[in-house]
Amino acid sequence: MNAVRIAWRITRLNFRAQLEYRSEFLLMIGIGAIWQVSVIVFATVLLTRFTGMGGWDSSEVLLIPATRMLAHGIFVLFLGRMHGIGQIIQEGMIDTYLVRPMPVFRQVQLSVFPTNAIGDLTVAIGLMVGALSRSDLDWTAGRITYLVVCVLGGMFLEAALFTAVACASLRFPAADYWGRWLEELLGTFGSYPLNVLPRAVSGFLTFGLPLAFVAYFPAAVLTGHGHDTGVPYWLAAASPLLGLVAFLGARLLWRWSLGHYTGVNG
Amino acid sequence: MSGSIEVRGLSRTFHTTVRRPGFTGALRSLVQPERVAKDAVSDITFDVAPGELLALLGPNGAGKSTTIKMLTGILTPTAGEARVAGVVPYLERERNARNIGAVFGQRTQLWWDLPVRESFSILRDIYEIPKPEHTVRLQEFDDLLELSTFWDTRVRHLSLGQRVRCDLAAALLHDPPVVFLDEPTIGMDVVVKEQVREFLRHQVEERGRTVLLTTHDMTEVERLAERVVLVNHGRLVLDGTLDEIKKRFGSTWQVRAPLADPHAEAVALPGIALLRREGPKVVFGPDGPDAPAVHQALKRVIERYEVTDIALEEADLEDVMRAAYVQAEAPESRGGG
Amino acid sequence: MAVLHAWRAARVTPLGELYAPPRMTAALIRLTVQVILVASLWNGLYQQTGTTAGIDREQAVTYAVMAVLASRLRELDQYAGRDTVLQHMHFGTIVYWYLRPLAPQRYYALRALGEQLYGFAWALAGFVLSLAAGVVQPPGSAAVAGVFALSLLLGQLVLYYVMLVIDQFCFWTLRNGAAMLILIFAQNLLSGVYAPLWFFPDWFITLSSFLPFQATLSVPLSLYVGRIPLSDAAFQLSVQAGWVLVLALFTRFLWRRAALRIVSQGG
């Protein structure tokens with residue numbers, strides 16, 4: 001529990017550091033919000049213009065971007081420093097972290113307070129509220145629990161993906177590029193029912209890049225579309241578990257990569 | 001006038017906003033910022049003759065980097081003027097750029113992702129150096145700095161020593177009469193440092209370049225500089241040759257003797273000052289105009305103390321500088337040169 | 001003039017990429033995958049819809065694919081090479097820009113020119129391939145092709161200036177990443193790279209027409225797919241040209257202020 005206390009203290013300090021530059025702080029909340037609003041506008045624009053997407057009702061489809069965005073928002077808040085780790089590496093901070101008695105992964109997460117996450121989450125919560133209110137489903141305790149679990153699973157899955165990219169960044173400075181692309185892909189394709197895409201493509205986004213497990217499958221299971229996703233029902237339903245396992249695997253990969261870290265520009 | 005540096009009454013003041021602590025303080029700072037003026041450089045005057053190597057010394061924050069930035073044209077002075085090779089650097093930036101080369105210690109001007117030679121080619125184009133001249137010069141640099149062993153490597157893969165050598169070559173590629181070096185050998189190993197010093201000496205003596213060098217490395221000063229300018233708190237404190245400074249602030253000899261009884265008290269002897277104590281070792285130096293000759297001092301020390309060893313050393317330049325800085329702090333001993 | 005002599009500076013980023021084959025492969029993979037994904041997405045979305053917002057399926061797919069290809073034009077990776085203006089400011093190596101007999105704005109322009117030309121080669125190759133594969137429709141007529149080419153050129157100029165403004169912000173806002181992010185975001189969204197602007201609500205389109213971002217990509221592509229008819233082309237082209245002029249003056253002003261800032265802070 002000492003670790004939690006230390007982490008909390010550092011977070012508070014980081015937060016205070018961000019407050020130092022007031023205008024910057026407010027702007028960063030703003031940019032987080034605006035960014036997500038744009039994704040929403042984009043998604044809803046498409047959703048309203050292209051009705052009957054893959055057999056999904058408009059009241060149901062909104063659940064996909066809502067789940068994705070909420071998972072992403074929590075990811076950014078807790079585990080988001082893996083994305084864009086390139087700068088930390090370039091500044092040689094990893095070398096410093098390696099000398100301290102705290103796991104490097106945690107230190108990276110605690111290196112700065114992600115102000116934009118506040119905006120991200122505000123919008124995500126708003127969208128989720130909107131999606132839930134428009135939904136015709138019967139929100140039993142079981143459903144709600146499953147939704148919460150899936151959001152957490154989505155967070156872990158996104159974290160796993162970005163951690164994998166970060167591992168590559170430890171060796172190849174240009175790996176940051178893939179991180180940016182990953183973010184783009186998750187944002188663009190994570191918000192649609194993937195059955196509108198041809199099998200090959202949706203297969204890639206399921207087994208190649210496990211995007212589908214972040215939001216599409218959970219939403220499908222919740223709204224009763226779980227049997228037309230193209231994968232066995234049990235696989236779709238196990239999305240959160242997959243997310244957790246992927247994250248644990250990514251942490252192992254991280255540890256291995258750190259062991260082979262050769263420092264920044266010799 | 002080629003290659004000379006003239007500095008007259010150069011001054012530079014910075015205005016910074018003071019950030020008040022705490023929440024309300026930060027708010028107040030937004031609304032009513034409090035500005036504070038800092039005199040980074042005040043009224044500095046000195047000359048560097050063509051073909052001379054001048055060491056610009058001073059503790060951290062003394063204003064050395066600020067002075068160099070004004071002389072390279074990156075910073076405009078708030079008062080005074082300067083001329084480098086007859087050109088005023090902050091007024092005629094591009095013309096000045098052709099006359100100077102600069103290396104700022106930790107920062108490289110090379111392109112990170114490209115092999116070093118590619119950086120040289122780009123600079124050759126930018127400075128419009130004719131190809132044959134460029135080839136000859138590269139060969140010369142290679143002879144002195146052994147660049148060809150790594151100049152096909154990308155800059156990101158170079159070690160610090162290799163990179164600074166390349167930066168030096170890059171700065172001199174266009175044959176500038178004046179060179180500014182801001183702590184170029186910081187962090188380097190002794191072998192490379194010596195190579196760089198040889199290179200600099202060659203540039204000054206054979207090529208007649210004017211070099212203004214800032215450094216904290218006293219061995220470097222000792223080996224390269226004939227003249228030294230000392231600044232502190234933005235003001236010029238000393239301007240003179242090394243010998244003059246040593247004579248003024250340094251002891252000409254030091255006697256280092258570890259005492260047999262490490263806890264014995266060590267007191268000064270007439271004409272012999274206790275410079276410092278390093279555990280059991282005690283260092284003595286001459287004290288005042290009546291200091292004895294060194295052999296007398298040796299005798300007196302041995303007579304007075306039980307020593308296990310005794311060694312005679314020439315005054316360390318670091319000690320000299322320390323004395324100079326300290327004396328410079330004292331109000332009566334301001335100014336020099 | 002030093003500018004012409006310093007042509008080697010133009011090829012720095014492309015050369016850096018050529019020296020790192022993994023980066024080129026990465027770019028190639030990304031482009032290919034993105035084109036396939038995007039084409040599939042729009043084909044899928046249009047399965048049950050005819051024409052919407054004035055764009056039919058083929059137009060939408062063509063637009064989306066060409067937008068992906070166009071992203072190559074100015075998305076070369078300066079960051080890994082520690083070559084973004086932000087990094088130069090951060091590491092302090094920006095001083096060297098002011099120590100050379102080549103004005104920083106000319107140097108920057110040369111670098112951008114090299115990058116855009118190199119990216120254009122990639123985009124062109126991708127375009128030809130996509131055309132051959134039938135993923136992208138050919139232009140409606142020779143007139144459309146001509147107008148598109150002109151509009152694309154103007155659009156690239158506007159893009160150059162927009163990116164320049166974003167970079168110039170770094171001279172002031174080393175601490176403030178937010179202002180920069182807002183600009184980048186606006187450029188990404190309002191240029192029509194994610195989706196044709198026509199799908200957005202009317203108020204959005206009106207708002208966007210007062211900003212230069214749509215002139216970079218949305219206008220040329222809309223002309224290409226025919227969403228903007230030839231009759232409107234003259235007006236759109238002149239709007240683009242107008243932005244080029246306004247931004248050229250603005251960035252010139254900013255360069256001067258940036259230089260002042262450098263010499264008052266010492267880089």
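Reader: What radius of gyration would a compact globule with 267 residues have, and what does chain C have?

Author: With 267 residues the rule gives a value near 18 Å, and chain C has 19 Å, which agrees. Before we go on, this is a predicted model, in which local features need pLDDT of at least 70, side-chain atom pairs count only at pLDDT 80 or more, and totals for chains, interfaces and linings use all residues. Residues are numbered from 1 along each chain as its sequence is written, while chains are lettered from A and ligands numbered from 1 in the order in which they are written.

Reader: Thanks! How many helices and strands are there in chain C?

Author: Helices (H or I, at least four residues) and strands (E, at least two) are DSSP runs, numbered from the N terminus. Chain C has 12 helices and zero strands. Its C-alpha atoms fill a box of roughly 60 × 40 × 35 Å along the principal axes.

Reader: And what share of the residues of chain C count as buried?

Author: A residue is buried if 20 or more other C-beta atoms lie within 10 Å of its own, exposed if 12 or fewer, and partly exposed in between, with C-beta atoms placed from the backbone. By that count, 48% of the 267 residues of chain C are buried.

Reader: Which residues of helix H11 of chain C are buried?

Author: H11(C), residues 218-225, is mostly covered, with eight of its eight residues buried. They are C:Ser218, C:Val219, C:Pro220, C:Leu221, C:Ser222, C:Leu223, C:Tyr224 and C:Val225. For packing, we use contacts: two residues are in contact if their C-beta atoms, placed from the backbone, lie within 7 Å. The buried residues of H11(C) pack against helix H4 (57-70), helix H7 (142-169), helix H10 (213-216) and helix H12 (230-265) of chain C. Just after H11(C), C:Gly226 takes a positive phi of about 90°.

Reader: How many residues does H12(C) have, and what span is expected for it?

Author: The expected span of a helix is 1.5 Å times one less than its number of residues. H12(C) has 36 residues and reaches 51 Å from its first C-alpha to its last, close to the 52 Å expected. In chain A, helix H8 (residues 115-134) has 20 residues and should span 28 Å; its end C-alpha atoms are 30 Å apart, which agrees.

Reader: Which residues of H12(C) are buried?

Author: An α-helix has 3.6 residues a turn, so residues three or four places apart point the same way. The buried residues of H12(C) include C:Gln236, C:Gln240, C:Trp243, C:Val244 and C:Leu247. Their cover includes H7, H10 and H11 of chain C.

Reader: What is the strand order in the four-stranded sheet of chain B?

Author: That open sheet runs S11-S12-S10-S13, with antiparallel pairing. S11 (272-278) and S13 (311-313) of chain B are the edge strands, and the twist averages 25° from one strand to the next. Helix H10 (residues 294-304) of chain B lies across the strands S10, S11, S12 and S13, at about 20° to S10(B).

Reader: Finally, how many residues of chain B are in contact with chain C?

Author: On the chain B side there are 28 residues, in contact with 29 residues of chain C. Helix H4 (116-126) of chain B gives the largest share of the chain B side, five residues.

How values were computed
Rg over C-alpha atoms; globule rule 2.2 N^0.38 Å. Pairing = 2+ DSSP bridges. Axes fitted to C-alpha atoms, helices over the stretch in contact; angles between N-to-C directions.
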